[in-house]
Amino acid sequence: MKYFKIFSILFFSLLLSLYAAAQQKNIYPGFNDEINQRIDIDSASKLFVSAILINGNKKTKSYIILREMQCKTGDSILASNLFNILQESRALVYNTSLFSDVEVSPVLVSARELIVKVTVLEKLYIYPTPQFKLVDRNLNEWVKIYNANLNRVIYGMKFAHYNLSGRGDKLRLYILSGYARALTFSYSAPYSNGALTEGFSVSGGYTQSREFPYKSSPDNKLLQFKKSGFVRNNFTLGASYQRRKGYFKKTVFAVNYSFIKVNDSAVLPQYNPNYFNSNRSFVGFVDLQYGFHYSKTNNINYPLKGKIINAGIIKRGFGIKGAVNMLSLDASHASFIPHQRNWYSSAEVLGNIKLPFKQAYINQNQMGYRDFYLRGLEYYVVDGVAAAIAKYTLKKKIIAFNIPFPFNIKKIPKIPFTIYAKSYADMGFSYNKEQFRTTLGNKLLYTAGFGLDVVSLYDTTLRLEYSFNQLGENGLFLHAKSLF
């Protein structure tokens with residue numbers, strides 16, 4: 001019966017997706033009648049862009065916005081391509097994450113000439129905000145396993161400026177206490193050269209934890225190491241360089257140093273002598289990273305159209321084997337497809353492999369960490385040295401509305417809400433060596449479910465998902481994503 005539920009949801013979702021795709025047709029909203037008539041009369045003609053006018057940017061430099069426009073002053077655009085070029089330009093400007101609203105509209109000044117108007121609404125960029133963070137991997141684990149115990153939280157202050165110089169550069173400083181203590185900082189500047197094609201970042205921090213996962217159990221639950229005081233100390237320092245010559249492709253080179261010290265007992269046989277793959281209770285290592293990113297979507301934070309491709313290589317440590325030395329390769333591909341009548345579908349594939357296959361425990365994180373998980377298996381972790389996940393989602397926008405902001409802030413005149421109903425099905429596999437075998441390891445896993453996505457101010461997203469898994473379990477899971 002449990003298998004029937006999962007595959008019924010998947011089959012129904014696929015049928016609806018195919019029907020919606022068959023009904024899809026091109027539409028050109030947002031253009032006034034004069035522009036639409038001009039395109040209808042002669043779609044093969046060329047229109048000259050005499051000027052690009054930008055309004056609404058108080059902090060952001062105008063050249064940062066112009067850098068993301070796919071048309072420049074003096075260009076001639078084929079009339080039939082005008083809509084796509086301006087829509088992609090709007091998406092690129094919006095995906096800088098500097099603005100809560102972006103409008104790009106053409107205005108004809110003659111039969112062959114037009115002006116492009118870009119109107120932006122800047123976000124609030126400065127956030128001195130109180131912090132309330134969970135020690136646990138996610139909200140579901142904190143509520144179900146630890147009964148929402150407030151002693152298991154981290155609190156403090158965060159200062160963030162998301163547009164420090166008006167060039168999209170971000171500064172963050174965290175001062176945290178409670179169940180863990182931390183002092184961390186980061187600064188990133190995506191447009192650091194005159195051509196606006198290169199950027200860099202620096203970061204560092206020191207954290208102390210009262211507990212940490214030292215091992216996963218045979219039934220795929222995290223086992224926490226606890227003793228009096230702080231039992232794990234971590235110091236990190238890193239820097240990166242990125243290059244983005246076009247609009248959609250970016251390469252990143254990074255180097256990071258980490259020093260980790262745990263309580264001496266954690267590496268004893270009764271806990272996990274494989275924690276660092278050595279008999280020492282501390283380790284220092286360097287990560288050398290290369291990443292390739294391709295993103296062409298309407299909204300980088302909640303995409304409904306386009307695709308995202310990522311590939312990366314991490315070399316940890318300078319040796320070939322032993323200790324924490326690792327070569328990690330990962331890749332992902334996600335496609336987002338809009339259909340007629342506010343239907344949308346997405347398909348995502350993610351994979352990772354770590355060499356050699358004998359790895360320290362701190363290098364074995366796979367399913368259940370960050371965004372690499374199956375919906376419906378949030379309470380479990382599946383460690384491994386190689387893993388792959390496939391996800392499919394079908395959703396429909398059911399309502400969108402705004403409510404007035406309760407305070408008089410020009411940058412937030414209203415709070416938008418958009419609600420999507422969805423169904424989904426996931427599949428995954430995680431491999432580990434025989435001595436680390438668990439209930440969910442080395443076998444095909446699959447889940448399915450349905451739920452709601454609530455997207456609000458600055459693309460803050462609340463996901464309510466009722467999921468089923470192959471263990472015969474089902475339940476409601478909550479996920480929240482915010483850029484604050």
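The report below takes up the nonpolar cores, then a group of strands, then a helix and a loop residue.

## Basis of the report

The model is predicted, so local features need pLDDT of at least 70 and side-chain atom pairs count only at pLDDT 80 or more, while totals for chains, interfaces and linings use all residues. Residues are numbered from 1 along each chain as its sequence is written, and side-chain values use heavy atoms, with hydrogens and water left out.

## Nonpolar cores

A nonpolar core is a set of buried Ala, Val, Leu, Ile, Met, Phe, Trp, Tyr and Cys residues joined through side-chain atoms within 4.5 Å, where buried means under 20% relative accessible area, computed with a 1.4 Å probe on protein chains only. The largest such core has 38 residues, and those with the most contacts inside it are Leu 82, Phe 99, Val 116 and Val 118. Among the elements that each supply at least two of its residues are helix H2 (33-41), helix H4 (82-94), strand E3 (99-110) and strand E4 (113-122); the largest share, five residues, comes from H4. Helices (H or I, at least four residues) and strands (E, at least two) are DSSP runs, numbered from the N terminus.

A second, separate core of 19 residues includes Leu 222, Ile 260, Val 262 and Phe 285.

Strand E20 (residues 445-455) is largely enclosed by the rest of the structure, because eight of its eleven residues are buried. Two strands pair if DSSP finds at least two bridges between them. Strand E19 (residues 414-431) pairs with E20 in the antiparallel sense over eleven bridges, and Ala 425 stands opposite Ala 448 in E20.

E20 also pairs with strand E21 (residues 461-469), again in the antiparallel sense, over nine bridges, and here Val 455 stands opposite Thr 461 in E21. E20 and E21 form a hairpin with five residues between them, and in the turn Tyr 458 has a positive phi of about 55°.

In helix H5 (residues 139-146), Asn 140, Glu 141 and Trp 142 are buried. The cover over the buried residues of H5 includes strand E5 (126-134), strand E6 (153-161) and strand E22 (474-481), and the helix is followed by Asn 147, whose phi is positive, near 55°.

Thr 197 lies in the loop between strand E8 (180-189) and strand E9 (198-209), and is buried, with a relative accessible area of 17%. Leaving aside neighbours within four places in sequence, Thr 197 is in contact (heavy atoms within 4.5 Å) with Arg 67, Gln 242, Arg 243, Arg 244 and Lys 245.

Key:
Buried means under 20% relative accessible area, exposed over 50%, partly exposed in between (1.4 Å probe, protein chains only).
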